[in-house]
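Here are some notes to go with your look through this one.

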Amino acid sequence: VAQTVTNQALLTRQELQERVGRLPRVRIAHLPTPLEDAPRLREALGPNAPRIAVKREDLTGLAFGGNKVRHLEFRMGDIRAKGADTLIVTNVAQSNHARLHTAVAAKFGLTNYIIKIPSHKDTPVNGNLLLDHLLGARIVEAPSADQEVVATELERLVADLEAQGHVVYNVPNDPFSKFAGACAYLLAAIELLEQLDAAGMRADHIFLASGTSSAGLALAGKLLGAPYRVHAVSVGGDRASIAEYVMAAANGAAEHLGLPSRLSAGDFTVHDEYVGERYGIPTEAGLAAMRLAARTEGLILDPVYTAKSLSALVDQIHQRAIGRDETVVFIHTGGLPITFAYNEEIMHGLTAGT
Ligand SMILES: *Cc1c(COP(=O)(O)O)cnc(C)c1O
């Protein structure tokens, strides 16, 4: 069990809040999201399991919610500041990112285009893809999943729409867009710390699927001298590339906001041993974690992000990497519509397992 080193605070919570508060923002999310104790999950994990609390970022409100609703408050602020009327995202059929950009576009009277990357979940139309259609996305099928092909398709669509007089917000390439999520999760960290204080708790570890959200939480922890360690769980991609992505998001935000520190590789932990075959393919351990959360807490996870993340926490507890006297916050980052597009895998797991 690693010894906890409490860092020196470089900023107060209020100072950090003020820095982030200077960014343009549109209020969309239902905040604060609940922080719920999970005592039956803990009990099921055995006598050495730590206290576990779940931060319900699946309950942010818009179109089935998720962590990205927080990101979109800042991205929408930027979209408005730049005067865009059209958004473009590129992603696969079961993308939470595409679903929530379409929802926010609908809510603010903008048009969202999805350059849809082929995947094994294109048919039947279900889960996030069904919601994309319902929410009025304009879907352009990319001819292949090849990165260069998708990039070319994106360039061509941007050029076409601009030629028609639209002001386009290119979500994958906009410089602010890349770290909007990290900015949002600087504030989510403060929200979490205040909830922990109010409950008389202290978090030693935070587990979540890796990305810009984990970047914001880790950077906030460093700036505020918070005692927690962020465990960024890869759901696709190796340790080195995930670490680089998380640091780029954190440090993009740090630079943009003029913050007094940067995130280094040693400041957080990346787990890449729970990916399984690849992104979007459920693992046995993930499906088992889904059943466990459902049957102990009535908590529904998605098979692509949150199930694999919880399987990481379960395994770390079983390996005794986390002590029984510690407290873990598991961030439920959402993704719930994906669950319905994986009915066969989940049912297979149920008949094969318990
Ligand atoms: C997108 C996503 C993530 C991780 O990526 P971020 O950059 O932090 O958004 C994690 N969980 C879910 C459910 C997601 O949709």
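1. Let's begin with the ligand. A residue counts as near a molecule or strand if one of its heavy atoms lies within 4 Å of it. By that rule 13 residues surround the ligand, and the closest are Lys68, Asn96, Thr212, Ser213 and Thr333.

2. Before going further, some ground rules. This is a predicted model, where local features need pLDDT of at least 70 and side-chain atom pairs count only at pLDDT 80 or more, while totals for chains, interfaces and linings use all residues. Residues are numbered from 1 along each chain as its sequence is written, and side-chain values use heavy atoms, with hydrogens and water left out.

3. Now the polar contacts (pairs of N or O atoms within 3.5 Å; within protein, one must be able to donate a hydrogen and the other to accept it, and residues adjacent in sequence count only if both atoms are side-chain atoms). Thr333 puts a polar side-chain atom 2.6 Å from a nitrogen atom of the ligand. Ser213 also uses a polar side-chain atom, 2.7 Å from a ligand oxygen atom. With Thr212 it is a backbone N or O atom that lies 2.8 Å from an oxygen atom of the ligand. On its own the ligand exposes 370 Å², and the protein buries 93% of that; these accessible areas come from the Shrake-Rupley method with a 1.4 Å probe.

4. Which elements give two or more residues to the shell around the ligand? They are α3 (68–81) and α8 (212–224). Helices here (H or I, at least four residues) and strands (E, at least two) are DSSP runs, numbered from the N terminus.

5. On to the sheets. Two strands pair if DSSP finds at least two bridges between them. Six strands make an open sheet with mixed pairing, in the order β1-β2-β10-β7-β8-β9. β1 (35–37) and β9 (269–271) are at the edges with a single partner strand each, so one side of each has no neighbour in the sheet. From one strand to the next the twist averages 25 degrees, using axes that are lines fitted to C-alpha atoms (for helices over the stretch in contact) and angles that run from 0 to 180 degrees between N-to-C directions.

6. β1 pairs with β2 (residues 51–56) in the antiparallel sense, over three bridges. Look for Asp37, which stands opposite Ala53 in β2.

7. There is also an open sheet of four strands, ordered β5-β4-β3-β6 with parallel pairing. Its edge strands, β5 (138–141) and β6 (168–170), each pair on one side only. Inside it, β3 (residues 86–92) and β4 (residues 111–117) pair in the parallel sense over seven bridges, with Asn91 opposite Lys116 in β4.

8. Finally, some backbone details to check. Most residues other than glycine have a negative phi, and most peptide bonds are trans. A cis peptide bond joins Leu31 and Pro32, with omega about -5 degrees; Pro32 is in the loop between α1 (13–21) and β1. Another cis peptide bond links Thr123 and Pro124, with omega about -10 degrees, and Pro124 is in the loop between β4 and α5 (127–134). Ala63, in the loop between β2 and α3, has a positive phi near 45 degrees.
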